[in-house]
Amino acid sequence: MGVGIKEGLCVISEKAPAKINLSLDVIRRREDGYHELEMVMTMIDLADRVDLYEERYPVIRVESSSGVVPSDSQNLAYQAASLLQERYRVSRGASIYIDKKIPVAAGLAGGSSDAAATLRGLNRLWELHLSLDELARIGEEIGSDVPFCIYGGTALAKGRGEVLTHLPAPPSCWVVLAKPAFSVSTKEVYGALRVDHITRRPDTDKLVQVIKAQDYEAMCRLMYNVLEEVTMKMYPEVGTYKRLITRFGADAVLMSGSGPTVFALVRQESRVRRLVSALRGFCRDVYAVRLLGHGLNLRENVQK
Ligand SMILES: C[C@](O)(CO)[C@H](O)COP(=O)(O)OP(=O)(O)OC[C@H]1O[C@@H](n2ccc(N)nc2=O)[C@H](O)[C@@H]1O
Ligand SMILES: Nc1ncnc2c1ncn2[C@@H]1O[C@H](COP(=O)(O)OP(=O)(O)OP(=O)(O)O)[C@@H](O)[C@H]1O
């Protein structure tokens, strides 16, 4: 690649925040190999930045600040750009620079959020005038978490993750995240799950209700992720992280998505500082951020 992408003229920057799962339930395995889900997702203020540069010819280029993220057609941002270009017969191209801050393969939907940010940004750069709903439908073809990442905010997700009901922001609090020094394959975790062996499930309807009622304590009590047990069996360190964080003092502790990141919700700022310094003693990747509240795109159809 001749001239680096960053030396060109950046036209559009999009924020690509990470998500956490406040709950995750697997209803059944589907014939297409995916799983029917019910989960509550919300965005947090730990984000990548996606810069888009205009190209006169229909090329797509990707670079990132990370050494581990692919720079070719394996990159979800590349796939998003390429799909949009092809679907709408766009004769222009784009160079994409990803300033990577979200840990990779961590259960935080980093790649999905980059793909969503790319779709939102290219919609503007290429003047396609597509609605968020249209972008979400394209995003669905890239990955199950992409539609949620198009809208941001907080949502109840069903289907394979693409059937969304937007929710109000959860009660505000701090989110402390610890990412163990290994990565987890989402496909492998779903592959190891036996739906008929699930012994405990989250009460999703109740969780949605208490989020609407802004009941922080009840929300903390109701958070649960059925994939946690599966990932913990494969990587017992996830359980160790959970136990330690619980002992250091947190209002709720859960693994996000398929893991391995474990996050804690904490309301009191003094406890956040204590928890972060305790965690830094044994984990390199520790973050303390806020929930993103209403997210990037305020929608009219938020369920009251
Ligand atoms: C774990 C979560 O992050 C929770 O939000 C998502 O369910 C995963 O979303 P994602 O990474 O965007 O998933 P995809 O890229 O669509 O799928 C990766 C792999 O996960 C499995 N998968 C994913 C979603 C789903 N509802 N059922 C599945 O079984 C499939 O084996 C699939 O091949
Ligand atoms: N833009 C991108 N950022 C991060 N990873 C990417 C990107 N594009 C492709 N990938 C690949 O996707 C895989 C999953 O990365 P990602 O960080 O999205 O995982 P994740 O947070 O576990 O996703 P999810 O929570 O949606 O399951 C990695 O193996 C990585 O190489």
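Two residues are in contact here if their C-beta atoms, placed from the backbone, lie within 7 Å. This is a predicted model: local features need pLDDT of at least 70, side-chain atom pairs count only at pLDDT 80 or more, and totals for chains, interfaces and linings use all residues. Residues are numbered from 1 along each chain as its sequence is written, while chains are lettered from A and ligands numbered from 1 in the order in which they are written. The protein is assigned domain 1 (5-167) and domain 2 (174-290), with bounds taken from an automatic or database domain assignment. Both domains give residues to the shell around ligand 1, so ligand 1 lies between them. Ligand 2 also lies between domain 1 and domain 2, because both give residues to its shell.

**Active-site annotation**

- An unreviewed UniProt entry annotates Lys19 and Asp145 as "active site". UniProt positions follow the numbering used here, feature names are shortened, and annotations may be inferred rather than shown by experiment.
- The two positions are spread over 127 residues of sequence, yet they cluster in space, with a largest C-alpha distance of 9.2 Å.
- Lysine 19 is found in strand E1. Helices (H or I, at least four residues) and strands (E, at least two) are DSSP runs, numbered from the N terminus.
- Leaving aside neighbours within four places in sequence, lysine 19 is in contact with Met41, Thr42, Met43, Leu108, Ala109, Asp145, Phe148 and Cys149.
- Lysine 19 counts as buried because it has 29 C-beta neighbours inside 10 Å. The cut-offs are 20 or more other C-beta atoms within 10 Å of a residue's own for buried, 12 or fewer for exposed, and partly exposed in between, with C-beta atoms placed from the backbone.
- Aspartate 145 sits in the loop between helix H3 (132-140) and helix H4 (146-151).
- Aspartate 145 is buried too, with 28 other C-beta atoms within 10 Å.
- Beyond four places in sequence, the contacts of aspartate 145 are Lys19, Ala109, Ser112 and Gly161.

**Ligand 1**

- Ligand 1 is surrounded by 20 residues, of which Gly143, Ser144, Asp145, Arg160 and Gly257 are the closest. A residue is near a molecule or strand if its C-beta atom, placed from the backbone, lies within 6 Å of it.
- E1, E2 and helix H5 (186-192) are the elements that give two or more residues to this shell.
- E2 has the largest share of the shell around ligand 1, with four residues.
- By class, the shell around ligand 1 has seven nonpolar, 10 polar and three charged residues. Ala, Val, Leu, Ile, Met, Phe, Trp, Tyr, Cys and Pro count as nonpolar, Asp, Glu, Lys and Arg as charged, and the others, Gly among them, as polar.

**Ligand 2**

- There are 21 residues around ligand 2, and Ala109, Gly110, Gly111, Asp114 and Thr186 come nearest.
- At least two residues of this shell come from each of helix H1 (76-87) and H2.
- H2 supplies four residues, the largest share of the shell around ligand 2.
- The shell around ligand 2 divides into 10 nonpolar, nine polar and two charged residues.

- The C-alpha centres of domain 1 and domain 2 are 23 Å apart.
- Domain 1 gives 24 residues to the contact and domain 2 gives 31.
- On the side of domain 1 that touches domain 2, strand E1 (10-29) and strand E2 (35-55) are the elements that give two or more residues.
- E1 provides nine residues, the largest share of that side.
- That side of domain 1 has 15 nonpolar, four polar and five charged residues.

**Nonpolar core**

- The largest nonpolar core has 90 residues. Such a core is a set of buried Ala, Val, Leu, Ile, Met, Phe, Trp, Tyr and Cys residues joined through C-beta atoms within 7 Å.
- Ala77, Ala81, Ile96, Leu119, Val175, Val176 and Ala264 have the most contacts inside this core.
- E2 gives the most to this core, with 10 residues.
- Both domain 1 and domain 2 give residues to this core, so the core lies between them.
- Leaving aside neighbours within four places in sequence, alanine 77 is in contact with Val50, Val62, Ile96, Ile98, Asp114, Ala115 and Thr118.
- Threonine 118 is in helix H2 (residues 110-125) and counts as buried, with 33 C-beta neighbours inside 10 Å.
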